[in-house]
Amino acid sequence: MLLQLQNVVAGYLKTVDVLQGLSLQVEEAEIVCLIGPNGAGKSTVLRTISGLLTPSKGSVVFDGQDISGVRPDLVLQHGVAHVPQGHSSFPEMSLLENLLMGAYTVSDKALVNRRLEAVYELFPWFRDRAKQRAGNLSGGQQKLLEIGRALMLEPRMMLLDEPSLGLDPKKSHTVFDTISRLRDETGITVLMVEQNARSGLGISDRGYVLELGRERLERSASELLDDPRVAQLYLGGGIDDTLQA
Amino acid sequence: MSRVGTFLKQYWMFVALGFLLVYPLIWRAPYYHVLGFNTLIVATAATGWNILGGYTGYKSLGHSTFFGINAYLVAITANELGWNPLWSAPLLALGVTVVALVLGWIMARAKGSAFVIATIAMLLIFRLLALNVKSVTGGAPGLSQPLAPWSPEYSRMPFYYYMLFWLVIALLVSAYIRRSRFGLGLLAIRDDEGKANMVGVNTTLSKVLAFGVSAYFIALGGGIWSYAQTHIAPIFAFSILNDVDTVLATMLGGLGTLWGPVLGAFILIPGSDYILFNFGASQFHLAVFGVLMVVIILFLPRGILPSLRDRLAARRETSSAFTGASTMEDLSDSQPRGEVPGREAPAP
Amino acid sequence: MLIQVAVIGLLTGGVYAVMVSGLTLIFGVMKIINIAHAAFMVLSAYLAYWLFSGLGIDPILSMIGIVPLFFFIGKVTQRRVLSPVGDDPGLLVLLTFALAITLEGVLGSISGSTFRTVRTGYTSSIIPVELSSDLTLRLPVVRLTGFVASFVVLGVLWLILNRSGLGRAIRATIQNAEAAQLVGVNIARVRSTTFGIGLASVAIGGALFSLIFSFNGSSHLDWISKMLAIIVLGGLGSLPGALIAALILGVAEAVSAVTMTSYISPIVFYLILFLTLVFRPQGLMGAKVREG
Ligand SMILES: Nc1ncnc2c1ncn2[C@@H]1O[C@H](COP(=O)(O)OP(=O)(O)OP(=O)(O)O)[C@@H](O)[C@H]1O
Ligand SMILES: [Mg+2]
């Protein structure tokens, strides 16, 4: 087991707990997808893992070490990278500078360059646009840049918060494809939040349904896709269906 | 318990009012009347300010602009037209409110710190005008106006009662707003302006109205202060320290509560008077105020009343567990509610 | 004549740029308007004054001690006073305002309301610069010193921001604080360090200020409004914008002082500040839009 959350209670205000005793686990090299309604606390789970929030109860254990309440820059050192919801590139910096910021905590220049090459290999178009201002990239390109930036740390695990948010079906398809390919090629572990439940579960091994700050259901991704309750609540129709086609 | 509690609450309200009614008769020295009057002005101003700063969350540091404008209007109309300030002050304050509505409408676009600085700039502009448009304002030396007709023996007593009357009115207005739909809209703006807008609150209109109502009670105090003072000068009429008193009183008592601003004023003004009296030097007084303000913001950011309320609530809290419903289970074997987990609009 | 006035205004504008550089930087990183900025400047000016009148140390020299002291004060103030309050901009403005009146009260209690200024041996020295046979500029040494010093300070700030790891961390925090945290920037430290740098720069501003202007404990109120006007016009958070706005306002102020009724120019000043805040919070210089 690479990551284990046990009875985690966490929130933003002292008076309100968003996560109310949540438990979940992720195995090495797994892709796990969290789905659930708006405000269920999905992002909060990722923020608690990456150290942006400190749990008031419960524990977050990564690779056998308790990382609950550890500062984000130190969680990073453990090999957990978090790509948050929405835009998170540094818009005024160039694409290259953004990638280099990903290795902010690495002081070995040669190592940084090696990783840069590795990232360029994964995303060859980065090289051509290295000088471009990140704020001028399209939404999908920015998301890939953010993923690339996270890879500059060679993390063992990536936390992805709604990577397809705001992207059209074609672009989100590229993003999901990239995630799936990354796992197959590098064996990275992924914990992902997705509103676009069908595509999210489509590339996942397992999934959790989150509601009111607790896990309600834990199944293999295919079982969740077939579950009528899940279908009714989260699989909707429209865009998702066209994507599947 | 709850019936006794409610009764006690109202009982204390009347005790407090009774006390304020007899206070000037018990403490007859002019000093006490001046102190009481000043406290009531700040209490009324703070009650008004709270409608904007507390309910709506827009903290102005320049509302004494309206205090100053009305102070001058009252003095000028008393001198030139012979108007009696006791009725001209509340009437002219309405005129000042119109000015405030216009300024508020302009400033409704500014948010956060931009709003606060804009209010300071507004105050400084009016102060410079008061200092420099000498033909109207008398410049830096200021203006005098006729003394009140009653014998100096009564000193500020009539002013005291007059201001007490207006404090009660301010509280009634504040309480009414708090309970109204309009007030709910203000609270919604404070919590999340964007969401308030989305659920149909006309945020601009609400903010502008709150701006105007709070200006009214501050302007009113300025008019009456002007009459009681008989001589007014720009540095006192348009002083950011007036805003400090107002804001500090509100925050001390409890930002966004009905009674907090009044409670705060009744602690702050006598307290600061005590400091002035014992330590003299107004500069030291300023330092004490500054430190007090820092301490309140750091350790009592919500003010006395909400903190007390929390204490009581914590004591009363029983083991009653939170009974949240789980939508997943609710929906699994019944028909779904209309609610489909929709996406928020994608970020632009 | 007008050229002479404009050039002096330009030199003064350079000093303004140092005074406000920290203010705009602090806003960029923390979204805090530090109303106490001018009060800290006056504090630094007093320290320079006391060191000069007591020990005969020239303000330029006394910076060596005052600047690190202010850096430290800034770091501690941010850690212990500002950061516990959270991020309600209204509350933070009130808090820095409270710091400002505390400083004012303390300085006023210690030194009364008498205006002070540092009068060194070179205070009234003037360097004539002959532009042509009939146009000779007369440049006061203190303002020239201030102008040169301001470019040194701004140059150092620019180097820190664009050529150091700290600078990268600061820029990242300005652009997206959460993302900065997630790539390993310790933003709590970036914030306190930025506040320290901000106060260190205003300490230099204060030492220069003590040479050029006279001040007492209450002077900060006049100056903070001027500083705010500059950084708002330059675009909140933008250092180059602040420099340009400072130079423009320095010249505009000097020229308007000799061409207009004395009180009109400050009113125009505040009016511009007010209207900019309301209608163009991103500033007049066309800097990027930044949330206030
Ligand atoms: N910074 C914050 N301060 C206070 N409350 C917050 C904050 N961020 C989120 N919340 C609250 O926490 C709850 C859970 O938020 P969270 O962002 O984890 O939901 P989510 O499941 O990711 O929803 P979404 O699908 O909208 O991203 C919500 O009720 C939200 O209002
Ligand atoms: Mg989310």
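This is a predicted model: local features need pLDDT of at least 70, side-chain atom pairs count only at pLDDT 80 or more; totals for chains, interfaces and linings use all residues.
**Notebook: chains A, B and C, and ligand 1**

I started with chain B, which has 16 helices and two strands. Of the 348 residues in chain B, 50% count as buried. I then looked up the contacts in chain B between residues at least 6 apart in sequence, and 80% of them join residues at least 24 apart.

**B:Ala100**

I picked one residue from chain B to follow up. B:Ala100 sits in helix H4, residues 85-107 of chain B. Is B:Ala100 buried or exposed? Its relative accessibility is 0%, so I put B:Ala100 down as buried, the cut-off being under 20%. Leaving out residues up to four places away in sequence, I find B:Ala100 touching B:Phe66, B:Phe211, B:Gly212 and B:Ala215. I also checked B:Thr65, which is 35 residues from B:Ala100 along the chain; their C-alpha atoms are 9.2 Å apart.

**Ligand 1**

Next I went to ligand 1 and asked which residues are closest to it. Of the 13 residues surrounding ligand 1, the closest are A:Asn38, A:Gly39, A:Lys42, A:Ser43 and A:Thr44. By class, I get four nonpolar, seven polar and two charged residues in that shell.

Then I looked up polar side-chain atoms facing oxygen atoms of ligand 1. For A:Thr44, an N or O atom of the side chain is 2.4 Å from a ligand oxygen. A:Asn38 has a polar side-chain atom 2.9 Å from an oxygen of ligand 1. With A:Glu162, the distance from a polar side-chain atom to a ligand oxygen is 3.4 Å. On its own ligand 1 would expose 630 Å², and the protein buries 63% of that.

**Strands in chain A**

I stayed in chain A for the strands. How do strands E1 and E4 run, parallel or antiparallel? E1 (residues 3-10) and E4 (residues 57-62) pair in the antiparallel sense, over five bridges. Within E4, A:Val60 is the residue standing opposite A:Leu5.

E4 of chain A is also joined to strand E5, residues 65-66, by two bridges, and these strands run antiparallel. Here I noted A:Val61 opposite A:Asp66 in E5. E4 and E5 make a hairpin with two residues between them. I checked the turn as well: A:Asp63 there has a positive phi of about 50°.

**Two residues in chain C**

C:Ser201 is in helix H8 of chain C, residues 187-212. At a relative accessible area of 4%, C:Ser201 is buried. What does its side chain reach? I find it 2.8 Å from the backbone oxygen of C:Gly198. Not counting residues up to four places away in sequence, C:Ser201 touches C:Val18, C:Ser21 and C:Gly22.

C:Ala229 belongs to helix H9, residues 220-234 of chain C. I logged C:Ala229 as buried because its relative accessibility is 2%, where buried means under 20%. Setting aside neighbours within four places in sequence, I have C:Ala229 in contact with C:Leu249, C:Phe269 and C:Leu273. I also looked up C:Leu47, 182 residues from C:Ala229 along the chain, and their C-alpha atoms are separated by 26 Å.

How values were computed: Residues are numbered from 1 along each chain as its sequence is written. Chains are lettered from A and ligands numbered from 1 in the order in which they are written. Side-chain values use heavy atoms; hydrogens and water are left out. Helices (H or I, at least four residues) and strands (E, at least two) are DSSP runs, numbered from the N terminus. Buried means under 20% relative accessible area, exposed over 50%, partly exposed in between (1.4 Å probe, protein chains only). Contact means heavy atoms within 4.5 Å. A residue is near a molecule or strand if one of its heavy atoms lies within 4 Å of it. A polar contact is a pair of N or O atoms within 3.5 Å; within protein, one must be able to donate a hydrogen and the other to accept it, and residues adjacent in sequence count only if both atoms are side-chain atoms. Accessible areas come from the Shrake-Rupley method with a 1.4 Å probe; for residues, only the protein chains shown count as cover. Ala, Val, Leu, Ile, Met, Phe, Trp, Tyr, Cys and Pro count as nonpolar, Asp, Glu, Lys and Arg as charged, and the others, Gly among them, as polar. Two strands pair if DSSP finds at least two bridges between them.
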